[in-house]
Amino acid sequence: MDSMRHVYFGQVHVDPNRQRNVVYYGRVSTEHDAQLQALEKQMQWYDDQTKYHPNWTVVGKYIDEGITGTLAKKRPAFMQMIEDAKEQKFDLIVTREVCRFARNTVDTLALTRELRSYGVEVYFVSDNIWTMDGDGELRLAIMATLAQEESRKISERVRAGQAISRENGVLYGTGNIIGYNRVNGTYVIDPEQAQTVRTVYQLYAQGLGQRDIVNELTRLGYKDGNGNVKWSCIKISRILRNQTYMGYICYNKSWVNNFLEKKRVKNFDEDTFILKKGNFEPIISEELWHQCDRIRKSRIREYRLPSGEERKRGMRFPQHLWVKKLCCRCGAGFHRYRWRVLRDGTPVYGYQCMKRTHGPAKSYL
């Protein structure tokens, strides 16, 4: 096959049978044993390819395990390979197929063009594409588009599977939540921590603010989820917002923006949360949870931006210069708090999103 190729680089005809310094690139998208075994087979397959090309000298292998192929920048071995290509440590990259190299059409074309500028060719064995062939880029664009479309279909299948999981009340994540232990795919109440959660809701229902609750828990020596007597308004706010304590599983708290970037975006619109009754014992009653939720929302007032879009903000207006200027991506303002004190006694201040914390007015400095 090589003898029929006519390769041109810099307008100069290059002998396709010349000696090549070669590296292999392999990738699997998960760290499951079956996938890792598939990766081993990939590497063995590459080694077998060397036997058919006596002019190849293998100088390295680059392997990404358990990493998506939709974005090149998220693959450390791949990016290291690009850096090594700049230093001309090799002149040929061999990969099994286009989808192993990248599932993003733009990335595929941009990277192969960049590699070509360094004098590095890419050979996709299964697709028989050499990027320095006359029609190599055209064929690569077609195969890369197909690989990207396959990634989109996989994303749709994943979303469909997640919808079924929600209907079945499947718990996502590791279950790291104060008050419960994760056992066999469900929540089991931790008696000591559950009492802390009940105390938080009872105090809040009695009219105490989050800062008062922090002080009371500290005084009583109640421990947080890490086993420390170290409380903050943020921790109290998370407890008060968590529907799990009344026996429900909450979905749609975040989503992935698209199948290419796969960037997880937090959802700040509580009205769009999806609640599903869980098969575990609640720590508090639904009546108490909703009572506290009404109190929490009553301590927030609506204000309207010039565009007419409504946002929520704490009752007290900020008095510090940077508090007035900073704005969270959710649209809410910030409040200033004392983060720590240096050895020389100088205070260091930090800023927190008002919508995430909702601390009472007297907690602000």
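**Helix 2 against helix 4**

I take helices as DSSP runs of H or I with at least four residues and strands as runs of E with at least two, numbered from the N terminus. On the helix 2 side the contact (heavy atoms within 4.5 Å) is made by Phe78, Ile82, Ala85 and Lys86, and on the helix 4 side by Leu111, Glu114 and Leu115. I sorted these residues into 5 nonpolar, no polar and 2 charged. My classes: Ala, Val, Leu, Ile, Met, Phe, Trp, Tyr, Cys and Pro are nonpolar, Asp, Glu, Lys and Arg are charged, and the others, Gly among them, are polar.

The packing angle of helix 2 and helix 4 is about 25°, with the axes 9 Å apart. Axes here are lines fitted to C-alpha atoms, for helices over the stretch in contact, and angles run from 0 to 180 degrees between N-to-C directions. Helix 2 and helix 4 are therefore roughly parallel to each other (under 35 degrees; over 145 is roughly antiparallel, 65 to 115 roughly perpendicular, the rest oblique).

**Note on the model**

This is a predicted model, so I keep in mind that local features need pLDDT of at least 70 and side-chain atom pairs count only at pLDDT 80 or more, while totals for chains, interfaces and linings use all residues. Residues are numbered from 1 along each chain as its sequence is written, and side-chain values use heavy atoms, with hydrogens and water left out.

**The buried side of helix 2**

Which residues of helix 2 are buried? I get Ala77, Phe78, Met81, Ile82, Asp84 and Ala85, in a helix that spans residues 76-86. Buried means under 20% relative accessible area, exposed over 50%, and partly exposed in between (1.4 Å probe, protein chains only). Down the axis of helix 2 the buried residues fall within an arc of 165°, so they line one face of the helix; the arc is taken from the directions from the helix axis to the C-beta atoms. Their cover includes strand 3 (20-28), strand 4 (56-65), strand 5 (92-95), helix 3 (98-101) and helix 4 (105-117).

**Helix 4 against helix 5**

Next I looked at helix 4 with helix 5 (residues 136-167), which pack at about 150° with axes 8 Å apart. This crossing is right-handed. From helix 4, Thr105, Thr108, Leu109, Thr112 and Arg113 meet Glu137, Leu140, Ala141, Ala144, Thr145 and Gln148 of helix 5. The tally for this contact is 4 nonpolar, 5 polar and 2 charged.

**Positive phi**

Most residues other than glycine have a negative phi, so I listed some exceptions. Asn128 has phi near 50° and sits in the loop between strand 6 (121-124) and strand 7 (129-130); at 26% relative accessibility it is partly exposed. Asn184 has a positive phi of about 50° and lies in the loop between strand 8 and strand 9 (186-189). Is Asn184 buried or exposed? At 78% relative accessibility, Asn184 is exposed.

Ala194, in helix 6 (residues 191-205), is buried at 0% relative accessible area. Beyond neighbours within four places in sequence, Ala194 touches Gly179, Ile189 and Ile283.

Overall I count 11 helices and 17 strands, and 44% of the 365 residues are buried.

Note on methods
Left-handed = near helix turned anticlockwise from the far one by under 90°.
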